[in-house]
Amino acid sequence: MSSRYLLCKTFIGWLLLACLPALQAADNLRVEDAWARETPPGVSNGAAYVTLVNDAANKDWLVAAWGAVSETVELHTHLMEGDMIMMRQVERIEVDAGDRTVLEPGGKHLMLIGLKQPLVAGDRFPLTLEFEQNGEITVQFEVRRSMH
Ligand SMILES: [Cu+2]
């Protein structure tokens, strides 16, 4: 065995070690910017938004969400019907491989049906998001006054 071969083998070992954490971190789904809009008193439904980041090689789908904040959580989108923009419930929200899906005002969102109490700016509450491939992720949502 030449010393050159040894050197090469060691170098490849280092490369593998250096790559390992990156490979593991890439193989999942992340969420960013989880927030909900403040609700006025007496309003029983709210909306929550989040950015879904899919670093994995496979497509995934958000299929359900729930939390103690409301009776139920529905997945919604906005659609044009004639000249009206209507909210519609959807069965799942796709997150393409290596891509991100943004839930935002005027687009896809989590509809909090039957709020237990008004959402007040600065408060935080957890929601569990269930993905078809990646399973459940519990996320803290921050209540904001902003419309954006
Ligand atoms: Cu809605």
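A nonpolar core is taken here as a set of buried Ala, Val, Leu, Ile, Met, Phe, Trp, Tyr and Cys residues joined through C-beta atoms within 7 Å. Buried means that 20 or more other C-beta atoms lie within 10 Å of a residue's own, exposed that 12 or fewer do, and partly exposed covers the range in between, with C-beta atoms placed from the backbone. The largest such core has 24 residues, of which Ala48, Val50, Leu62, Leu110 and Leu127 touch the most other members. At least two residues of this core come from each of E1, E2 (45–54), E3 (60–66), E4, E6 (93–95), E8, E9 (124–131) and E10 (135–144).

The structure is a predicted model, in which local features need pLDDT of at least 70 and side-chain atom pairs count only at pLDDT 80 or more, while totals for chains, interfaces and linings use all residues. Residue numbers start from 1 along each chain as its sequence is written. The predictor's confidence in each residue, pLDDT, goes from 0 to 100. Its mean over the protein is 87, and 80% of the residues reach 70 or more. Confidence is highest in E8, at 98, and lowest in helix H1 (residues 3–26), at a mean of 51. Over residues 19–26 pLDDT stays under 50, and the model has one contact beyond four places in sequence for this stretch.

Turning to the overall arrangement, the secondary structure amounts to one helix and ten strands. Helices (H or I, at least four residues) and strands (E, at least two) are DSSP runs, numbered from the N terminus. In order from the N terminus, the elements read α-β-β-β-β-β-β-β-β-β-β. Of the 148 residues, 20% count as buried. Two residues are in contact if their C-beta atoms, placed from the backbone, lie within 7 Å. Among contacts between residues at least 6 apart in sequence, 69% join residues at least 24 apart.

The strand pairings can now be followed one by one, two strands being paired if DSSP finds at least two bridges between them. Strand E4 (residues 70–81) runs antiparallel to E8 (residues 109–115), with six bridges joining them. Within this pairing, Glu74 has Met111 of E8 as its bridge partner. Six bridges also join E4 to E5 (residues 84–89), again in the antiparallel sense, and here His76 stands opposite Gln89. The hairpin of E4 and E5 has two residues between the strands, and Gly82 takes a positive phi near 65° in it.

The bridge partner of Leu127 in E10 is Val139, and a hairpin through three residues joins the two strands. E10 also pairs with E1, this time in the parallel sense over three bridges, with Ala36 opposite Val143.

Asp33 lies in strand E1 (residues 29–37). Most residues other than glycine have a negative phi. Asp33, although not a glycine, has a positive phi of about 50°. Asp33 is partly exposed because 13 other C-beta atoms lie within 10 Å.

Thr39 lies in the loop between E1 and E2 and is partly exposed, with 18 other C-beta atoms within 10 Å. Leaving aside neighbours within four places in sequence, Thr39 is in contact with Gly46, Leu115, Pro118 and Leu119. Thr39 and Ala121 are 82 residues apart in sequence, yet their C-alpha atoms are 8.7 Å apart in space.

Val53, in strand E2, likewise counts as partly exposed, since 18 C-beta neighbours lie inside 10 Å. Not counting residues up to four places away in sequence, Val53 touches Leu29, Arg30, Glu32 and Arg100. From Val53 to Thr101 the C-alpha to C-alpha distance is 6.7 Å, across 48 residues of sequence.
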